[in-house]
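Open the structure in your viewer and keep the sequence panel beside it. The tour below goes from one selection to the next.

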Amino acid sequence: MITKYQKVAVIGAGTMGNGIAHVFAQSGYSVNLIDISQSSLDKAINTIAKNMDRQVKKSLMTEDAKAEALGNIKTFTVLSEGVADRDIVIEAATENVDLKIKIFKDMDTFSPAHAILATNTSSISITLLAAHTQRSSQVIGMHFMNPVPVMKLVEIITGYDTAKEVTNDTVALSAYLGKIPVAVNDYPGFVANRILMPMINEAIYTLYEGVAGAEEIDNVMKLGMGHPMGPLRLADFIGLDVCLAILNVLYEGLGNPKYAPCPLLKKMVSAGHLGDKTGRGFYNYAKV
Ligand code: CAA
């Protein structure tokens, strides 16, 4: 364990937040998981336990290790209490710039002076979030991929003011979690989504223009290019609202019409068909 950073807080108990809490707790860190509603926190702990069961079934984890990992996680509904004694605080809230700015101001106010403030944002500027704190050199992007316990990558994003030492420590910390960190610079979409989202958008245009059906498009990419999921299935998995938000960041941030979100994506989001989480997107899903 990196001794400088033993105590972690994760803000947001959704898909990404619970995955991040899972991997830190599994690696022996003390994790405070923070959300505004206790029911979201209870649901997150339940999800983490179920995902750990998958690891137990495959002998990747013992029952004792699972119990120990779950014991490393405490839940909080008050941010100031959850971050008070932490060495690193990772924000994993909804992809909304105003919300993230507000959370970053609170993280800065209530976290110890030495703490690193990280964000799991998929595309929002690290430099902008850092500018709303009094410690811009200690602000960094730590972009995990879904499902967090399975995917190897952590995209580490350095803001304009991020200190070299903070980048090095965050890279080392991610490697300690068994991940493969890749450090990149802060530009809209960073690397992962600058490349992934235009591909997804193009797949949506391909459907919209009637070139082929959803399954055909996905099969071409799965069977022809070896992708584990086709781009439309992946868009449903990520969430169509998240895809639209990221494409808007690329479109506005890079000022190039090639990033304009497909009208079909916008219409589906307006209709509330957001993919897996609503039971309907490019495919239909039985709601859990
Ligand atoms: N926790 C623990 N283990 C999990 C898990 C979870 N949440 N989800 C899946 N797994 C495990 C399964 O138990 C299974 O293990 P084995 O193969 O050892 O049995 C393995 O992962 C594969 O899962 P499944 O058998 O259920 O299904 P699958 O073979 O279809 O794989 C998948 C599922 C791993 C999600 C695979 O389809 C995949 O890699 N898809 C692409 C995912 C991807 O691109 N993610 C990045 C999205 S972009 C993003 O996150 C960032 C952003 O900013 C938008």
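How far does a polar side-chain atom of N193 lie from an oxygen atom of the ligand? Select N193 and the ligand together: the distance is 2.8 Å. Bear in mind that this is a predicted model.

**Stop 1: the ligand**

An N or O atom in the N51 side chain is 3.3 Å from a nitrogen atom of the ligand. On its own the ligand has 1000 Å² of accessible area, and the protein covers 65% of that.

Now widen the selection to the shell around the ligand. It holds 17 residues, and the closest are R54, K58, H143, N146 and N193. By type, the shell divides into 10 nonpolar, 5 polar and 2 charged residues. Colour three helices to see where parts of the shell come from: α2 (38–57), α8 (192–208) and α10 (231–238) each supply at least two of its residues.

**Stop 2: the aromatic cluster**

Clear the selection and pick F24, Y29 and Y176, which form one aromatic cluster. The whole structure has 3 aromatic pairs. One of them is F24 with Y29, an edge-to-face pair with 5.3 Å between ring centres and 85 degrees between the planes. Both F24 and Y29 are buried.

Turn to Y29 and Y176. Their ring centres are 6.0 Å apart and their planes stand at 90 degrees; this pair is therefore edge-to-face too, since planes over 60 degrees apart count as such. Which parts of the chain does this pair tie together? Y29 lies in the loop between α1 (15–26) and β2 (30–34), while Y176 belongs to helix α7 (residues 164–176), so the pair links parts that are 147 residues apart in sequence.

Y29 has 0% relative accessibility and counts as buried. Y176, with a relative accessible area of 37%, is partly exposed.

**Stop 3: S174 in helix α7**

Remain on helix α7 and select S174, which lies in this helix. Is S174 buried or exposed? S174 is buried, because its relative accessible area is 0% and the cut-off for buried is under 20%. To see what packs against S174, show its contacts, leaving out residues up to four places away in sequence: S174 touches M142, V154, I156, K179 and P181.

Conventions:
Residues are numbered from 1 along each chain as its sequence is written. This is a predicted model: local features need pLDDT of at least 70, side-chain atom pairs count only at pLDDT 80 or more; totals for chains, interfaces and linings use all residues. Side-chain values use heavy atoms; hydrogens and water are left out. Rings of Phe, Tyr and Trp (its six-membered ring) pair if their centres lie within 6.5 Å; planes under 30 degrees apart count as stacked, over 60 as edge-to-face and the rest as tilted. Buried means under 20% relative accessible area, exposed over 50%, partly exposed in between (1.4 Å probe, protein chains only). Helices (H or I, at least four residues) and strands (E, at least two) are DSSP runs, numbered from the N terminus. Contact means heavy atoms within 4.5 Å. A residue is near a molecule or strand if one of its heavy atoms lies within 4 Å of it. A polar contact is a pair of N or O atoms within 3.5 Å; within protein, one must be able to donate a hydrogen and the other to accept it, and residues adjacent in sequence count only if both atoms are side-chain atoms. Accessible areas come from the Shrake-Rupley method with a 1.4 Å probe; for residues, only the protein chains shown count as cover. Ala, Val, Leu, Ile, Met, Phe, Trp, Tyr, Cys and Pro count as nonpolar, Asp, Glu, Lys and Arg as charged, and the others, Gly among them, as polar.
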